[in-house]
Amino acid sequence: MLAHTFWFGAGLVLLIVGSEIMVRGGAGVAARLGISPIIIGLTVVSIGTSAPELAVGVVSAQGGSGALAVGNIAGTNIVNVMLILGLSAFILPLRLETRTIRFELPMMAAAALTLWALTVDGRMDRTDGAILVALALAYTVAVIWSARRETRAVAAEFASELASEFDGAEAAEGRRTFANVLMTIGGIVVIVMGADWLVDGAVGMARQFGVSDALIGLTVVAIGTSAPELVTTLISTIRGDRDIAIGNLIGSSIYNILLILGVTALVPAAGMELPSSLVRIDIPIMVAVALVCIPIFITGRRVSRLEGGLMVAAYLGYLAFLLSTQA
């Protein structure tokens, strides 16, 4: 048991460190290619912070633990919205940008509904994966198109927020570009290694406790792979500059379903069988969370401390429900 816990913890540390390195390197490379900061923030950073989920999903699917992969995505999205956003609003009332309300929130709900429709038969195959990846590409195109229409003030905010990722003297541009490429590649290698350790540890822990892979994915793995988003959002909340962090958090939730789970479903030729509890309870809860967010966020375009506290309480209640019914 101690060995499984060690490998899980070591894998989690590598996932977090590797994700940070890869995001910094990827943002730097994108900036050198002349891609605007706002597009980097909405695509490279959002996808980069979902890298741990992708690595865990692919490794799990290859190892025959599809339930852990899908459970991780469902659990992570519930954590992102109910726990991280709720905690952020509880600390300081959260005001959302018009863009997030009109674009990201409906897309998150649509992605969740699409996943529910594809998994209602109790399995995911390569056709389902291809559909999700195609939607991810369409979403990315829409993000880039809408980003080009953003105001100068919003573009400047992204430039300021991401300046540390690719700031430097022009004379050292070539050397920094090479360093950014190495960071990106190195981050990916660290993430893959961490995912392998984490999945091995998580599956071992599940076997030791006699619980399902889905439960481990929905709880321990989901909270663990959401650690980068949790830290980023809380730090930005304390600093009073949360707009980009919140936008990227919701963007990551969309990519988790469309891109991450889509690519994961493309890996096993025989598809992934899903436990009935995941299909009947956990994925519908993820859908309900996405749908409930829309009226909450639209009302006054803000989330109050009370609403944030209720979201956190609802997540803790969901966690208690999982542990009491599936353990």
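Start by selecting Val289: at 11% relative accessibility, this residue counts as buried, because buried means under 20%. Color the helix around it and you will be looking at α13, residues 276–298, where Val289 is found. Keep in mind as you go that this is a predicted model.

Val289 and Ile78 are 211 residues apart in sequence, yet 6.9 Å apart in space, C-alpha to C-alpha. Which residues does Val289 touch, not counting residues up to four places away in sequence? Show Val81 and Met82, and you have them.

**The whole chain**

Zoom out for a moment. The protein has 327 residues, and buried residues make up 52% of them. Its secondary structure comes to 14 helices and 4 strands. Among contacts between residues at least 6 apart in sequence, 88% join residues at least 24 apart.

The mean pLDDT is 81, and 85% of the residues reach 70 or more. Where is confidence lowest, and where is it highest? Look at helix α8, residues 163–166, for the lowest mean, 56, and at strand β2, residues 123–124, for the highest, 93. Where pLDDT is low, the predicted coordinates should not be read in detail.

**The nonpolar core**

Select Leu85 and Met124 together. In the largest nonpolar core, which has 79 residues, these two touch the most other members. Helix α4, residues 66–91, gives the most to this core, with 12 residues. A second, separate core has 5 residues, and Val23, Ala27, Ala30 and Val45 are among them.

Go back to Leu85 and show what surrounds it. Leaving aside its neighbours within four places in sequence, Leu85 is in contact with Asn80, Leu94, Ile246, Leu249, Ile250, Phe297 and Met311.

**Helix α4 and its partners**

The crossing of α3 past α4 is left-handed. To see where they meet, select Glu53, Val56, Gly57 and Ser60 in α3, then Gly66, Leu68, Ala69, Asn72, Ile73 and Thr76 in α4.

The α4 side of the contact includes Ala67, Gly71, Gly75 and Val79, while the α10 side includes Ala214, Gly217, Leu218 and Val221.

**From α3 to α1**

Show α3 again, this time with α1, residues 2–32. These helices pack at about 125 degrees, with their axes 9 Å apart. That makes α1 oblique to α3. Pick out Leu15, Ser19 and Met22 on α1, and Ala51, Pro52, Ala55 and Val56 on α3, to see the contact.

**Last stop: Thr264**

Finish in helix α12, residues 243–266, which holds Thr264. Is Thr264 buried or exposed? At 1% relative accessibility, Thr264 counts as buried. Leaving aside neighbours within four places in sequence, display its contacts: Leu54, Gly57, Val58, Ala61, Ala69 and Met272.

Definitions and conventions
Residues numbered from 1 in each chain as written. Predicted model: local features only at pLDDT ≥ 70, side-chain atom pairs only at ≥ 80, totals over all residues. Heavy atoms only, no water. pLDDT = per-residue confidence, 0-100. Helix = DSSP H or I, 4+ residues; strand = E, 2+ residues; numbered from the N terminus. Core = buried A, V, L, I, M, F, W, Y, C linked by side-chain atoms within 4.5 Å. Buried < 20%, exposed > 50% of the residue type's maximum accessible area, 1.4 Å probe, protein only. Contact = heavy atoms within 4.5 Å. Left-handed = near helix turned anticlockwise from the far one by under 90°. Axes fitted to C-alpha atoms, helices over the stretch in contact; angles between N-to-C directions. Parallel < 35°, antiparallel > 145°, perpendicular 65-115°, else oblique.
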